[in-house]
Structures are given as structure tokens and as C-alpha cells.
Amino acid sequence: MTLSYETVSENRSFGGVQGVYKHQSKATGTEMTFAVYLPPAAEHGKVPVLWYLSGLTCTHENAMTKAGAQEWAAEYGIALIFPDTSPRGEGVANDDAYDLGQGAGFYVDATQEPWAPHFKMWHYVTHELPELVFGNFPLDRDAQGITGHSMGGHGALTIAMTFPETYKSVSAFSPIANPSASDWGRKQFTAYLGSDRSTWAAHDSTLLMQERGYPGEILIDQGASDNFLDLLKPRSLAAAMAARRQPHVLRMQKGYDHSYFFVQTFMGDHIQWHAERLA
């Protein structure tokens, strides 16, 4: 059954269309908003897809307006999907801290109260939203890649390693690489998943790399001047990739921080990376 949605806005962009849409989600029990960029090539048939997962405090809009991705997506003929980072609205649990609750779903399915009724972002991103977009847009389901920034980089890596048959390419910008050993992870995993740390491993890219790796090559860009390096822990993931002999490119970018100026700078490299692997 094709899932329904409403159009919020559609704008011409680099010869393609940048759209924003909303729908009622069964996974989260809330209205969810997402964005899709269709390149000019989508007028002639199905195109490859790159999922972009955003970081803490973000909505669908941050990367859509700040990442500078549409120009590159148009050039390489690849669609972009920007989901939200959490359920939102009246009756949805929240926290005063910016790194827990609304805007901070961490791409997991919560099992603990008060989060469990709505915070099902793993299922939403990997199952429900794909069913909606592939049923309504000219997208090639056999040519999917995934990327993301910070919390979204964490989500991209863990999802790709869990579903390698679905995501044929993966990259990340400044991912939270070892959340089980970071305050950006321990706090949220305890809240969403409980104190049993064995349930956390499925959402830690360093632990997943040690356990299973990824069948393709991984691209990671990390700002060397990122003031969150102690929370992101790229060295842990780098050590796990080296020990596993995982094919990868990990670039420490001198002088760059955690902002969207950093993401913009290397977005073209990432879209080209995915386009070559999804062609």
C-alpha cells in the first residue's frame, strides 16, 4: 500500500525540485516532516538516493538549507532525502537539555519511558519513511547510500553496517563514533534503551566495526579543530577500522570545526563518492 503525504512546499533548485512534505507516522505516532531533493535527471526516470541524517537540535531543514548539497546532487543526478531527527509535538516527551528528547532522537527505537511511545527513529528512518518515498517518488531502491553529520553520522554508520545489502555506500561528517564511551551516548542510551549496556552495542559504530565491519569502503571527514572531539571519539573508530583492515578514507581536515561551514566544504566530495558507488 502506498503511504500518503502532504506537500508543504516545492521550489525549483539547480534545475531540480526541493520539496518539503509531511505525513502521519505510525512508527512515532506523530506528524513527521521530511524533505526530498529531486535532481533534473529524475524527470526521465528513477535516480539513486542519498539519505542525509542530521545532528543534535536539527530538523529536516538544517542540511536542506545549509549543506550546499543540491548543486552537487543535480550535477551527479542523485536524489537527497532529509528526515527529521526526532518526533515532535504536543504530548511527545522532551527534556530541557538540547541533547535529549525532541531534536535528539539518536536514531534508536526507545524502550524506556517516557520515550518509548514516540521515539522510534530507527524504524522510522530504515523502514517507514523508505516505504513512503519509494512508493511516491522516482527513486531507485537498489541504489541507496547514506551519510550524516555528528549524531546523524552516528546514525548513518550504524544503519549502513546493520543493513549493508540496502545501503551500497556510506560516509559521515564528524560522527559520534563511540557513543557507549562518550557523554554523547551514555546519557541518551541510558534514557532511551535502559542501563543494560548490551542493548547499546547495536548503535555504536566502533563496536559494530569490531563485530562486523562494512563490505564496502567508508569515507569519513572530521574537522581537526572540532571542539567536540572528546565527545565524538574518532580515534576509537579509526583503531577499530585499522584492526579490522576495513577499507576506508578518514580525513582529519586541518582548521575545520563542527559547523555547517565544514559540511559545505566537503559535501561535493561526499556526493561524488556516493554517486560513483551507486551508478
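Arginine 12 is exposed, with a relative accessible area of 57%; exposed means over 50%, buried under 20% and partly exposed in between, using a 1.4 Å probe and protein chains only. Its side chain forms a salt bridge with glutamate 43, and the closest N and O atoms are 3.1 Å apart. A salt bridge here is a side-chain nitrogen of Lys or Arg within 4 Å of a carboxyl oxygen of Asp or Glu. Glutamate 43 counts as exposed too, at 54% relative accessibility.

Before going on, a word on the source. This is a predicted model, where local features need pLDDT of at least 70 and side-chain atom pairs count only at pLDDT 80 or more, while totals for chains, interfaces and linings use all residues. Residues are numbered from 1 along each chain as its sequence is written, and side-chain values use heavy atoms, with hydrogens and water left out.

Back to the salt bridges; the count comes to 10. The side chains of aspartate 221 and arginine 251 meet in one of them, at 2.7 Å from N to O. This pair links distant parts of the chain, 30 residues apart: aspartate 221 is in strand β8 (residues 218-223) and arginine 251 in strand β9 (residues 248-253). Helices (H or I, at least four residues) and strands (E, at least two) are DSSP runs, numbered from the N terminus. Aspartate 221 is buried, with a relative accessible area of 0%, and arginine 251 is partly exposed at 26%. Arginine 88 and aspartate 84 form another salt bridge, also listed at 2.7 Å from N to O. There, aspartate 84 is buried at 5% and arginine 88 is partly exposed at 27%. Glu217, Glu276 and Arg277 are linked in a network of salt bridges.

Next, the strands. Serine 13 lies in strand β1 (residues 6-13) and is buried, at 15% relative accessibility. Leaving aside neighbours within four places in sequence, serine 13 is in contact (heavy atoms within 4.5 Å) with Gln18, Tyr37 and Gln70.

Strand β5 (residues 79-82) points Ala79 and Ile81 one way and Leu80 and Phe82 the other, and all are buried. In a regular strand the side chains alternate between the two faces of the sheet. Which strands pair with β5? Strand β3 (residues 31-38) pairs with β5 in the antiparallel sense over three bridges, and strand β4 (residues 47-53) runs parallel to β5, joined by three bridges. Two strands pair if DSSP finds at least two bridges between them. Phenylalanine 82 is the bridge partner of alanine 35, and leucine 80 that of leucine 50.

Now the interior. A nonpolar core is a set of buried Ala, Val, Leu, Ile, Met, Phe, Trp, Tyr and Cys residues joined through side-chain atoms within 4.5 Å. The largest has 63 residues, and those touching the most other members include Phe34, Trp51 and Val133. Helix α3 (residues 121-136) gives the largest share of this core, eight residues. A second, separate core has 24 residues, among them Val20, Leu80, Phe173 and Tyr260. Tryptophan 51, leaving aside its neighbours within four places in sequence, is in contact with residues including Ile81, Val125, Phe134 and Tyr167.

Last, the whole chain. Nine helices and nine strands make up its list of elements. Of its 279 residues, 57% count as buried. Along the principal axes, the C-alpha trace spans about 45 × 45 × 35 Å.
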